[in-house]
Structures are given as structure tokens and as C-alpha cells.
Amino acid sequence: MPKKKFNDYKVADINLAEYGKKEILIAESEMPGLMSLRKKYKDSKPLSGARITGSLHMTVQTAMLIQTLELLGAKVRWASCNVFSTQDHAAAAIASNGTPVYAVKGESLEEYWEYTDKILDWGNGKGPNLILDDGGDATLFIHLGLKAESNPKILEKRPDSLEESILFKQLKKSLKKDPKRFSRIANHILGVSEETTTGVHRLYKMQERGELLFPAINVNDSVTKSKFDNLYGCRHSLVDAIMRATDIMISGKVAVVAGYGDVGKGSVQSLKGQGARIIVTE
């Protein structure tokens with residue numbers, strides 16, 4: 001009997017997979033933490049039984065994380081947390097390995113929330129038992145969906161933005177298809193990790209109101225995130241992103257940095273290194 005073709009994914013071009021795999025191979029030398037975890041736990045498979053839904057930037061580095069989770073025994077479904085941040089070759093590489101991934105650089109807001117919905121659907125009425133979130137949208141989708149099960153009128157209120165109207169529309173579709181979906185899957189979620197300040201603020205507000213359905217880990221304020229990502233990461237990538245996007249010389253320009261937390265500090269150091277004159281507002 002012929003093997004069923006894997007089609008549980010949506011990427012820009014699956015033919016980019018080989019290019020993505022080459023970049024992932026290069027990234028292995030730059031991510032010793034994940035590589036050491038693979039070496040230590042690949043045989044014991046401590047994540048066996050884990051159904052992990054990830055809503056994070058779908059990049060080469062994220063592909064490394066996905067492969068590590070799977071090597072340690074987890075099953076994974078993934079989407080990007082940002083409509084513009086996906087590296088299409090990385091998404092194609094992961095999809096070509098048989099991992100469900102829904103991420104396309106430049107996807108519409110309608111597609112974004114449809115993909116968020118899809119990564120929470122594990123088939124046969126099941127959902128994830130762990131969530132890796134970046135911005136809190138996967139967590140928001142479950143919490144708002146659960147509220148709408150008992151009170152559908154909350155999805156009829158006047159939306160505060162275009163994106164909120166699209167979110168409401170997607171939730172209505174989901175509930176029409178499976179009216180008890182969110183109460184069923186929420187009971188099996190062991191916890192969520194959250195990577196951004198925005199997502200963490202949402203979690204704290206839900207906790208204060210007594211609405212948080214499962215334990216949450218604040219990854220955003222960990223040293224490895226706040227320093228390596230916010231400080232060192234922005235210092236490394238800011239001027240590169242500006243030059244790639246605009247092709248201008250930064251030396252001699254006046255740059256305004258809004259805020260002086262770890263992201264602001266890294267941004268100032270990056271711009272200063274290129275000879276910009278910097279003004280900081282707080």
C-alpha cells in the first residue's frame with residue numbers, strides 16, 4: 001500500500017527545504033545549548049507523550065528548537081507568531097521532515113489566525129498538552145474560545161481593531177465546527193511558556209482576574225532571554241536589519257531610540273558602533 005503523502009503544512013515553497021536544511025546544519029555550531037540537550041537526553045526521551053504547540057517566529061533557530069524537541073520525544077505543531085518574520089526556507093525544511101508547520105512570510109491576518117487555529121488542532125478532538133508562546137496569541141485563542149463557549153455574545157461585541165474582528169471570525173468558525181472544543185482541550189494543557197513582555201503582561205492580567213487556565217512560565221524575564229535575546233540579539237541584528245531594508249549608511253545619521261531597557265541598550269550600542277548620533281527617550 002503506498003505511503004500517504006504528508007500535507008499537514010502550509011509553507012511558501014516546499015522546494016526551499018534543502019536550502020533550509022543547509023542553514024540549520026550551520027546553526028548547529030552556533031547553538032551549543034540545544035546541541036548539549038540533544039546529546040544528554042536523546043536516548044531517554046524525556047518529552048515522550050508531549051504534544052507541543054508552538055507559536056514562535058519560524059526561523060532557522062526555531063527549526064533547531066523544533067528538531068531538538070522532537071529528538072527528545074515530543075510531537076510538535078508549529079506556526080509563526082508574526083506575519084513578517086518567517087524564513088520560508090526554514091519552514092520548508094521542517095515541513096519536509098513531516099512536522100506540521102503553518103508559516104509563510106507575508107501571510108495575511110486571516111491566514112495568521114487560521115494557522116493559529118490549526119496548530120491547536122491535533123485531530124480526534126485532541127489539543128496540545130504544552131504550549132510555547134511568543135506574544136500570547138495561542139494562549140489568548142484558547143482562553144477567549146473557552147469564554148465564547150458559554151457566552152457566544154462576547155464575539156458579537158464591536159471589535160477594537162481589524163485584527164480583533166478577524167480573531168472573532170476565526171473563533172466563530174472553530175466553535176461552529178466543534179462547540180465544546182476549547183473546554184475539552186483546556187483541561188489537558190499542562191502549561192505554557194511565554195517569551196515576550198506583551199505576552200507576559202497578558203498572563204499576569206489573566207492571573208489577577210483569576211482567569212488563567214493553566215500554569216505559565218515567564219521565559220521573557222529569564223537572564224538567557226533578556227540578555228542574549230534583548231541585549232545582545234538587538235545589538236547584533238538592528239543595524240543589519242536597517243541596512244538590508246533601506247540600503248542606507250547609518251554613520252552620521254541621527255537615531256532616536258524609544259526606551260532604555262535591555263532592547264534599548266542593545267539598540268544604542270548597535271547604532272553607536274556604526275557612527276550614528278543617538279537620542280534616547282524613556
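## Salt bridge between K147 and E211

K147 and E211 form a salt bridge, with 3.3 Å between the closest N and O atoms. The term covers a side-chain nitrogen of Lys or Arg within 4 Å of a carboxyl oxygen of Asp or Glu. This pair links distant parts of the chain, 64 residues apart: K147 sits in helix 6, and E211 sits in the loop between helix 9 and strand 6 (216–218). Helices (H or I, at least four residues) and strands (E, at least two) are DSSP runs, numbered from the N terminus.

K147 is partly exposed, because its relative accessible area is 39%. E211 is also partly exposed, at 24%. Here buried means under 20% relative accessible area, exposed means over 50%, and partly exposed lies in between (1.4 Å probe, protein chains only). A salt-bridge network links K147, R209 and E211.

## Basis of the model

This is a predicted model: local features need pLDDT of at least 70, side-chain atom pairs count only at pLDDT 80 or more, and totals for chains, interfaces and linings use all residues. Residues are numbered from 1 along each chain as its sequence is written, and side-chain values use heavy atoms, with hydrogens and water left out.

## Other salt bridges

The whole structure holds 14 salt bridges. One of them joins E28 to R38, with the closest N and O atoms 3.9 Å apart. E28 lies in the loop between helix 1 (17–27) and helix 2 (32–41) and R38 lies in helix 2, so the pair ties together parts that are 10 residues apart in sequence. E28 is partly exposed, with a relative accessible area of 25%. R38 counts as buried, at 11%.

K157 and E164 also meet through their side chains in a salt bridge, at 3.6 Å from N to O. K157 is partly exposed, at 39% relative accessibility.

## Helix 6 and helix 9

Two packed helices are described by the angle between their axes and the distance between the axes. Helix 6 (residues 137–150) packs with helix 9 (residues 197–208) at an angle of about 30°, and their axes are 10 Å apart. Axes are lines fitted to C-alpha atoms, for helices over the stretch in contact, and angles run from 0 to 180 degrees between N-to-C directions. Helix 6 and helix 9 are therefore roughly parallel to each other. Angles under 35 degrees count as roughly parallel, over 145 as roughly antiparallel, 65 to 115 as roughly perpendicular and the rest as oblique.

Their crossing is left-handed. That label applies if the near helix is turned anticlockwise from the far one by less than a right angle; clockwise gives right-handed.

## Helix 3 and helix 4

The axes of helix 3 (residues 60–71) and helix 4 (residues 88–96) come within 8 Å and cross at roughly 20°. Helix 3 and helix 4 are therefore roughly parallel to each other. Helix 3 passes helix 4 in a right-handed crossing.

I94 belongs to helix 4. I94 is buried, at 1% relative accessible area. From I94 to A63, the C-alpha separation is 6.5 Å, across 31 residues of sequence.

## D178

D178 is in the loop between helix 7 (162–177) and helix 8 (181–186). D178 counts as partly exposed, at 22% relative accessibility. D178 and E149 are 29 residues apart in sequence, with their C-alpha atoms 9.9 Å apart.
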